[in-house]
Amino acid sequence: MTFNNAAADEDVNPLADPEERPAPPAVFIIFGASGDLTSRKLMPAIERLALRRLLPPGFAVVGVARTEMNDDDFRERMRELVEKGGGGGAEARHVWDSFVGAFRYIAGDYDDPDTFERLKDVLAELDNERGTAENRLYYLATPPSTFPTVIKGLAAHDLNRPTSDDAFVRIVIEKPFGHDLQTALDLDATVHEAFDESQVYRIDHYLGKETVQNVLALRFANAAFEPTWNRRYIDHIQITVAESIGVEHRGSFYEQAGALRDIVQNHVMQVLSMTLMEPPVTFDADGIRDEKVKALKAVEILTPEKVKQQVVRAQYARGWVGGDEVIGYREEEGVNPHSTTETYVAMKLRVDNWRWAGVPVYVRTGKRLPKRVTEVALQFKRVPHLPFAPEMVKDLEADSIVLRIQPDEGITLRFGAKVPGQAFRVRSVSMDFFYGAAFLEETPDAYERLLLDALIGDATLFIRSDEVEQAWHIVDPLLQAWEHEDVPLATYESGTWGPGEADDLMAADDRRWRRP
Ligand code: NDP
Ligand code: BG6
């Protein structure tokens, strides 16, 4: 079945599963084709989309980077990557062979106009030879410092606009989008000089995770939860994004980023806005993004004084993780031995709106914590009156609902139940829903899902410019305070749940961090 037939089928079948919508003919142009992201995420995602028959015959890939390679070298390199990543097998080889002929590579610097001239020629060739219909999806998998150069290069060579009414030109921009609020605004201005906002797909791979999307399903498809999802019933919220890995080979990148820019400004803000947002009127890109922006606008902007009181930053020291002894952050390759870059952040935020007034949100993220876990936990208030003697409920915690984003994707409800036996004792128990057990399907990888969405033109799971800006409004005062005020940097032993200062932050409110 060709794409055009598929599109026609979709037109007459409004119940067609959107998940199975194939991509239209297009050229996927990767700036940064010799880099880490391309090899670890983009190529495997392309391979899986091809295996799921979601890429049409008129699909081509053009890689652009400085490393010297010809088309065949590039094809071979991509094949090796995919096979190394667990792809391969007879079927995969067959599919791969059928479309790898449409892979091209351009070796060139983004500063050099000739790179874009050659790109233009290759795109025209592919339209003629492979039927790619003048559709383009550019992907900026390059260091953020080169984003403006590539964007300006595309515009200077008229590669930023569709060449016919039926064609599309879109651009996917990787994180981080800006280094702080001002640079994000500057980058946005550069983007908008070349592209209309409708062409721009700012990616945050957390939005491609099934379980992040499940926050919306849980909240807005069920009558059971939403009525309690507010200040009347919720005592506080905890968001945890914990990683057991260190900075690995990305030390020099991480030195410029730190946990606040790397995780909080994007992944945490996305999960936070989906947790806090009001129900959207419609489940479309702008319906959802309007509500997310409104939620972020309600988050307290911290003064320098409050940064000192409500935010903890820290760096990992040596320790043990998963039975292995690991080095401290300052000993990592590419890291300044006197670095003050944070690898851990914990903070308390207030949300000033009708739904959440008085419900603090505690956020923590860090590298070299005991395990990899991302979760959102909503802790309920205690019942107004407990008609039990204290010894009957000594093992009863406050009820909670925990959205486990990864791993062990699912939902846990903690509530009190009677302990069997003659005595009347109540203890907290868990009711667990495991995604993997309920749906025996393999969930698509985040990049696979998001690439297909960008090819189809569905921007729901991409970040709009006002969302990025609002997230920076929240994060920027922390960066400013850390730079200009005397804010201490704590340390924590690798393999622990962070510095004691983060526990003190909770203890000051008579609360404690969950042990995920
Ligand atoms: P790498 O450093 O591994 O790759 C950078 C790529 O850009 C290389 O292909 C390099 O080509 C190319 N490049 C850099 N400068 C130029 C230039 N002046 N002209 C031409 N090509 C150039 O980076 P990553 O793949 O790790 O990251 C890419 C982007 O993705 C970044 O924005 C990063 O923040 C983001 N990201 C990465 C993640 C990851 O896990 N790696 C996760 C989330 C986001 P060459 O080496 O051939 O010169
Ligand atoms: C990336 C960060 O955006 O997300 C990395 O740059 C981090 O530092 C990664 O390790 C975490 O992603 P995931 O999907 O493993 O939670």
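## Salt bridges and overall build of a predicted chain

Biologist: How many helices and strands does the protein chain have?

Modeller: The protein chain has 15 helices and 16 strands. Keep in mind that this is a predicted model.

Biologist: What radius of gyration does it have, and what would a compact globule have?

Modeller: The chain comes out at 25 Å. A compact globule of 516 residues would be near 24 Å, so the two agree. The C-alpha trace spans about 80 × 55 × 45 Å along its principal axes.

Biologist: And what share of the residues is buried?

Modeller: Of the 516 residues, 53% count as buried. The chain exposes about 23400 Å², and carbon and sulfur atoms supply 50% of that area.

Biologist: What do residues 24 or more positions apart contribute to the contacts?

Modeller: They account for 76% of the contacts with a separation of 6 or more.

Biologist: Switching to charge. How many positive and negative side chains are there?

Modeller: There are 59 positive and 86 negative side chains. The centres of the two sets lie 7 Å apart.

Biologist: How many salt bridges turn up in the whole structure?

Modeller: The search finds 35. One of them joins R464 and D286, with the closest N and O atoms 2.7 Å apart.

Biologist: Where do those two sit?

Modeller: In distant parts of the chain, 178 residues apart. R464 is in the loop between α13 (446–456) and α14 (465–484), while D286 belongs to helix α10 (residues 285–297).

Biologist: R464, buried or exposed?

Modeller: R464 is buried, because its relative accessible area is 11%, under the 20% cut-off. D286 counts as partly exposed at 41%.

Biologist: Which residues are in the salt-bridge network with them?

Modeller: The network links D286, R289, D290, R464 and D466.

Biologist: What about K308, which residue does it meet in a salt bridge?

Modeller: K308 meets E485, at 3.6 Å from N to O. This pair also links distant parts of the chain, 177 residues apart. K308 is in helix α11 (residues 304–310), and E485 is in the loop between α14 and β16 (490–494).

Biologist: How accessible are K308 and E485?

Modeller: K308 is partly exposed at 35% relative accessibility. E485 is partly exposed too, at 32%.

Biologist: Last one. What does R350 pair with?

Modeller: R350 forms a salt bridge with D352, and their closest N and O atoms are 2.9 Å apart. R350 is partly exposed, with a relative accessible area of 38%. D352 is partly exposed at 45%.

Terms used: Residues are numbered from 1 along each chain as its sequence is written. Chains are lettered from A and ligands numbered from 1 in the order in which they are written. This is a predicted model: local features need pLDDT of at least 70, side-chain atom pairs count only at pLDDT 80 or more; totals for chains, interfaces and linings use all residues. Side-chain values use heavy atoms; hydrogens and water are left out. Helices (H or I, at least four residues) and strands (E, at least two) are DSSP runs, numbered from the N terminus. The radius of gyration is taken over C-alpha atoms; the globule rule is 2.2 Å times the number of residues to the power 0.38. Buried means under 20% relative accessible area, exposed over 50%, partly exposed in between (1.4 Å probe, protein chains only). Contact means heavy atoms within 4.5 Å. Accessible areas come from the Shrake-Rupley method with a 1.4 Å probe; for residues, only the protein chains shown count as cover. Lys and Arg count as positive and Asp and Glu as negative; His and the chain ends are not counted. The place of a charge is taken as NZ of Lys, CZ of Arg, CG of Asp or CD of Glu. A salt bridge is a side-chain nitrogen of Lys or Arg within 4 Å of a carboxyl oxygen of Asp or Glu.
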